[in-house]
Amino acid sequence: MSTEKQQEHLTRDVDETEEIQLNVEPSEMDEEFVEDLDTLLDEIDEILEEDSQEFVENYIQRGGQ
Amino acid sequence: MEIPIIMGTETEYGISVKNAREQDPVAASTLVVNAYKTSKGDAPSAASSVTWDYEQESPLVDARGFLAEVEPTISEADTNSAVNDILINGGRYYVDHAHPEYCTPECANARDLLLYEKAGELILEVSRLTAERLLLDNQEIIIYKNNTDYKGHSYGSHENYLMSRKVPFDTIVDGLIPFLVTRIIITGSGKVGAENGSDETDYQISQRADFFEKEVGLSTMVNRPLINTRDEPHANDKLYRRLHVIVGDSNMSELSIYLKAGITSIVLQLIEKGVVGKKFSLKDPVAAIKNISRDLSCQNQIELADEQQRTPIEVQRAYLKLAQQHLAPEERTPVVEDVLEKWQYVLDNLEIDPMRLSQHLDWVIKKKLIDAYRNRHGYEWNDAHVQMLDLQYHDIRPDKGLYIRLLKNGHVKRLLNREEIVHAMRYPPVDTRAYFRGTCLRKFPKHIYSASWNSMIFIGKSGGLDKIMMDRPHFGTQKIVGELLNNCTAEELVKEIRGNASKSY
């Protein structure tokens, strides 16, 4: 993929900026979220690195600042 | 307010190469940072040969912002461009220790800071994709915007705030520590488990809290202090101090980043005004930050130095109240007003139930995701899948990163749109000296020998070098130099600045 394409790919799906609605009760938005979360959970086992155990064990960084 | 706050962040990213025979984080970081140059993400690409000016000699103090001097010859054959990139958005991108590190350009408000930090995430992703093409087919570069490997190794997310030198450092320490210790309820990124010998816990609010061992000090890598004493203003050191805050977490949530920069800069203004004092001094701040990090209700009280008890929400509310009382009308810019509103909103909801912010703040978003995942599979907190989920929340890949997936699907709140973030990869903020730096790099890439936060060295016609100092971060803005930059060559620019040393740029 050319870099231009990559950037295009990165810029796709320009969503409208969604301002945080200060007067909306978080709980109202919550129900929707729970449904959507279910969909994500359906996918999550495919998205997660396959070998979680091994991956997590091997993820070692040198300390930074 | 005498000196308007200018701010920036430095983010060290975690890095790993999947299926590599041996992990070499320095080589991987170097590969990624260098890949960005070849990606032309930072075109004009000639800027990639520009080196970082490490010579922090600063005898060239000019109260008006710029001062030019001539260096007779190229001092050394610098090869530091290999792991250093000065970006056309005015930021810096390099390898620090064993991590790729991105520094935003200097920003004049919290919204810009958020914008440029998010631009950095895209810069890392473009680099990652480009670098990955150089590896074997089965290898993947994985980059996390988090602060720990869960084995006691932490890497930082540092904030910098330019302040007046007139405020005594002790006053800053007194006023800021209680704020920083309690702000994690807003700025924490959430972490499964405990580290660094701290008390065991399933889940805590902050990634970094376990790594702080004293209140004030110079070190950033061991025995870390809540307040860092590094005094390197990258600007006129008689006028300015650059407060280096190392206690924060790397955030994915836009609201967490925005509020972190917004409320901290407001509190520094309050400290500068002298209205904070020692009112909120804590009895044991180092213990308090660990306790607050482990209290997911945000309701447990911590002890103040005067033996009063307060919840972290109450301490934050007290700072908010001071801001509402003491900020002058001209200081209440639209961004500041918005920050104050959202600060209050977040505190009100944390008070009722932190889980109400499961689309807003990192530590709550992540908690909600993990709770749902654990419920579904019955995993214990210490299960590797849970740890993997924690880590992958911070993955910068659009298809793998869990935060990014939530954002794309509209499950978490946005403050920015994609177009402006992409624009910020290539264009500097217009209202700080980053404008001058970024615009010169864009316009005159072949004429610039090196650059740093407060200097740019131009290559003159005869091969000599002209160093332009930029010791006033509020200068070099589009308003001041925009027209000049639009209408001149590099030679004319240097001549104009040198010829008008008495004029403010």
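**Aromatic pairs and buried segments**

Modeller: Over all chains, the structure, which is a predicted model, holds eight aromatic pairs. One of them is formed by B:Tyr36 and B:Tyr93, with 5.8 Å centre to centre and 85 degrees between the planes.

Colleague: Why is the pair of B:Tyr36 and B:Tyr93 called edge-to-face?

Modeller: Ring centres must lie within 6.5 Å for a pair, and planes over 60 degrees apart count as edge-to-face. The rings of B:Tyr36 and B:Tyr93 have 5.8 Å between centres and 85 degrees between planes, so the pair is edge-to-face. This pair also links distant parts of the chain, with B:Tyr36 in helix α1 (residues 25-38) of chain B and B:Tyr93 in strand β6 (residues 92-96) of chain B, 57 residues apart.

Colleague: What makes B:Tyr36 count as buried, and what makes B:Tyr93 count as buried?

Modeller: Buried means under 20% relative accessible area. B:Tyr36 has 0% relative accessibility and therefore counts as buried, and B:Tyr93, at 0%, counts as buried as well.

Colleague: Why is the pair of B:Tyr373 and B:Tyr379 called tilted?

Modeller: Planes under 30 degrees apart count as stacked and those over 60 as edge-to-face, while the rest are tilted. The planes of B:Tyr373 and B:Tyr379 stand at 50 degrees, with the ring centres 5.6 Å apart, so this pair is tilted.

Colleague: How do you know that B:Tyr379 is buried?

Modeller: Its relative accessible area is 18%, and because the cut-off is under 20%, B:Tyr379 is buried.

Colleague: What makes you say that the charged end of B:Arg92 sits over the ring of B:Tyr94?

Modeller: The distance limit is within 6 Å of the ring centre, together with an angle within 35 degrees of the ring normal. The charged end of B:Arg92 lies 3.8 Å from the centre of the B:Tyr94 ring and sits over that ring. Likewise, the charged end of B:Arg442 sits over the ring of B:Tyr427, 4.1 Å from its centre.

Colleague: How do you know that strand β19 of chain B is mostly covered?

Modeller: In strand β19 (residues 465-470) of chain B, six of its six residues are buried. Both faces are covered, with B:Leu465, B:Lys467 and B:Met469 buried on one side and B:Asp466, B:Ile468 and B:Met470 buried on the other.

Colleague: Why are strand β18 of chain B and β19(B) said to pair?

Modeller: Pairing needs at least two bridges. Strand β18 (residues 455-459) of chain B and β19(B) have five bridges in the antiparallel sense, so they pair.

Notes:
Residues numbered from 1 in each chain as written. Chains lettered and ligands numbered in written order. Predicted model: local features only at pLDDT ≥ 70, side-chain atom pairs only at ≥ 80, totals over all residues. Heavy atoms only, no water. Phe/Tyr/Trp six-rings, centres within 6.5 Å; stacked < 30°, edge-to-face > 60°. Helix = DSSP H or I, 4+ residues; strand = E, 2+ residues; numbered from the N terminus. Buried < 20%, exposed > 50% of the residue type's maximum accessible area, 1.4 Å probe, protein only.
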